[in-house]
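Trainee: Hi, could you walk me through this structure? I'm new to it.
Mentor: Happy to. Let's open it up and look together.
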Amino acid sequence: MHNPRRLSVCLRACVVIASLVVVSNVARPRAAVAADKPDVLFIAIDDLNDWIGCLGGHPQAKTPNIDRLASRGVLFTNAYCQAPICNPSRMSFMTGMRPSTTGMYLLGPTNRKVSPVLRDHKSMPEWFADNGYDTVGCGKIWHGGANKDTFQKYGPDGGAGPLPKKKIAYPMGVKLWDWGVFPERDDQMPDYETASWAIDRLNEPRDKPLFLAVGMHRPHVPLFVPQKWFDLYPLDTLKLPETLDNDTDDVSEYALKLTYSALAPRQSWMVEHGQVDDAVRAYLACISFVDAQVGRVLDALDKSPHANNTVIVLLSDHGFALSEKQRWAKRALWDRETKVPLIVAGPGIDGPRTCKRTVGLIDIYPTLVELCGLPAYDELEGRSLKPLLWDTEHAWPYPALTTFHYDNHAIRTERWRYIRYHDGTQELYDHDSDPNEWHNLAGEAKYADVIKDLAQYLPRVNAEAVPHSSGLGSREEDRALFNVDN
Ligand SMILES: [Ca+2]
Ligand SMILES: [Ca+2]
């Protein structure tokens, strides 16, 4: 027989337990907790060196939108990629792992899981998704359209854009290596479409925090944009990069082979055909075009309800040479090819401020994890830049490391660049007196201690290149230089 009083106690207890469960479900579910977290707007630009207004790499660069982003956050003036070509650089900043750890050194393979180290590793968007974020990407984030499965949703791929029927300026080599006025309108450019798609995502209502990655393809070749962007840079007043004749006389044969690109034009060809000015101008025009697309996205964010609760990161995957060291493109361990724009803005980060500490793109993943209050991911090889975002003068005894293929490394401190190649040849540059890296000091006995000190930062692990690595030049060149075994 039931005791009515007991039943009543029982009922009340059940109600209390049920209500506790309800309260608990209302107050503590992951999505509700995560809803307090900031959104992330991650903007990756392709092949953009330090030619932006706020970095001053080129005195005439016009980038009002990137500059205004810098004005509301921290601009890193000594930020470096971890690899000076697309695929391994992006692999590194998206996974928070060094190329020398993953064996991802070249343009292929692009699938992250080919590296045994990355097979079960969480990339940045995956870690954010695991911790309650909607993760959305568009344009060029990873290389070659790979790894889109690391996002819950992916928009347009971006891409090189339309090509004219005939090459405009450079009749040789691959289709992509060319420059000039093309097409007619911005909205014919994939980067315009990428920005538009990102703007639509920013305008959507949602109940979870957003990790939105937006990848711009320009100023990667082909250096084509509409006429109005060329008009910003009249040829008759255009300034060209400073170069030194015979600059490469004091670097090794190995360095010259490593940095040779069969794809890019030769400096001698550029000079002979009067194309240096035109290509420099086209690169600047592409930068201003991309800056305008970044501006459209920033405007949309500013008009959204999330404007004040969004962490914004803007970076480029590596630098780009335009006749410095008598060469064009990336694929080298020098400053022009490895230095990148890096801006971080968001809640609690005062601006405008600059930070001259040497940092790497590899640091962005742990930085965003910390800024968004996610659990730390212990696998990561970078370190959070949060101390520098709060105090740009904070002690930072960590050099930046860039790797180009197997066992070739550059160590960058605020004063020095030290390069050691696989064959043992070395370069040392003193940025206090030689910002253009014209004078290799490595052979001078008085710098032996400087070199010894810098060499301690070389990575202790040099992973073998992953199977089927390719993409420096011809397969034969890859094999001859780097002992790629397939
Ligand atoms: Ca790139
Ligand atoms: Ca030199």
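Mentor: Let's begin with one pair of residues: Gly73 stands opposite Ala345 in strand E11. Keep in mind that this is a predicted model.

Trainee: Which strand pairs with E11 there, and over how many bridges?
Mentor: Strand E2, residues 73-80, pairs with E11 over 6 bridges, in the antiparallel sense.

Trainee: How many bridges join E8 to E11?
Mentor: There are 4 bridges between E8 and E11, and these strands run antiparallel too. As an example, Val313 has Val344 in E11 as its bridge partner.

Trainee: And what holds strands of a sheet together in general?
Mentor: Strands of a sheet pair through backbone hydrogen bonds, in a parallel or an antiparallel way.

Trainee: Back to E11, how many of its residues are buried?
Mentor: 7 of its 7 residues are buried, so E11 is mostly covered. Lys339, Pro341, Ile343 and Ala345 point one way, while Val340, Leu342 and Val344 point the other way, and all are buried.

Trainee: Okay, zooming out. How many helices and strands does the protein have?
Mentor: The protein has 16 helices and 17 strands. Of its 486 residues, 49% are buried. Among contacts with a separation of 6 or more, 71% are between residues 24 or more positions apart.

Trainee: Which residues have the most contacts inside the largest nonpolar core?
Mentor: Those are Leu212, Val313 and Leu368, in a core of 127 residues. Helix H11, residues 276-303, gives the most to this core, with 14 residues.

Trainee: What does Leu368 touch?
Mentor: Leaving out residues up to four places away in sequence, Leu368 touches Val40, Met124, Val311 and Val313. Leu368 is also one of the buried residues of helix H13.

Trainee: Tell me about H13, then. Why is it described as largely enclosed?
Mentor: Because 7 of the 8 residues of H13 (residues 364-371) are buried, the rest of the structure largely encloses this helix. The buried ones are Ile364, Tyr365, Pro366, Thr367, Leu368, Val369 and Leu371.

Trainee: What follows H13?
Mentor: Gly373 follows H13, and its phi is positive, near 70°.

Trainee: New topic: what order do the strands take in the open sheet that includes E14?
Mentor: The order is E14-E15-E16-E17, 4 strands with antiparallel pairing. Strand E14 (400-403) and strand E17 (426-430) are the edge strands, each pairing on one side only. On average, neighbouring strands of this sheet are turned by 15° against each other, direction ignored.

Trainee: Which helix packs on that sheet?
Mentor: Helix H15, residues 448-455, packs on it and touches strand E15 (409-412), E16 and E17. The direction of H15 makes about 75° with that of E16.

Trainee: What links E14 with E15?
Mentor: They form a hairpin with 5 residues between them, and His405 in the turn has a positive phi of about 55°. The two strands are joined by 4 bridges and run antiparallel. Thr403 has His409 in E15 as its bridge partner.

Trainee: Last one: over how many bridges do E16 and E17 pair?
Mentor: Strand E16, residues 416-420, pairs with E17 over 5 bridges, in the antiparallel sense. There, Tyr418 stands opposite Leu428 in E17.

Note on methods. Residues are numbered from 1 along each chain as its sequence is written. Chains are lettered from A and ligands numbered from 1 in the order in which they are written. This is a predicted model: local features need pLDDT of at least 70, side-chain atom pairs count only at pLDDT 80 or more; totals for chains, interfaces and linings use all residues. A residue is buried if 20 or more other C-beta atoms lie within 10 Å of its own, exposed if 12 or fewer, and partly exposed in between; C-beta atoms are placed from the backbone. Two residues are in contact if their C-beta atoms, placed from the backbone, lie within 7 Å. Two strands pair if DSSP finds at least two bridges between them. Axes are lines fitted to C-alpha atoms, for helices over the stretch in contact, and angles run from 0 to 180 degrees between N-to-C directions. A nonpolar core is a set of buried Ala, Val, Leu, Ile, Met, Phe, Trp, Tyr and Cys residues joined through C-beta atoms within 7 Å.
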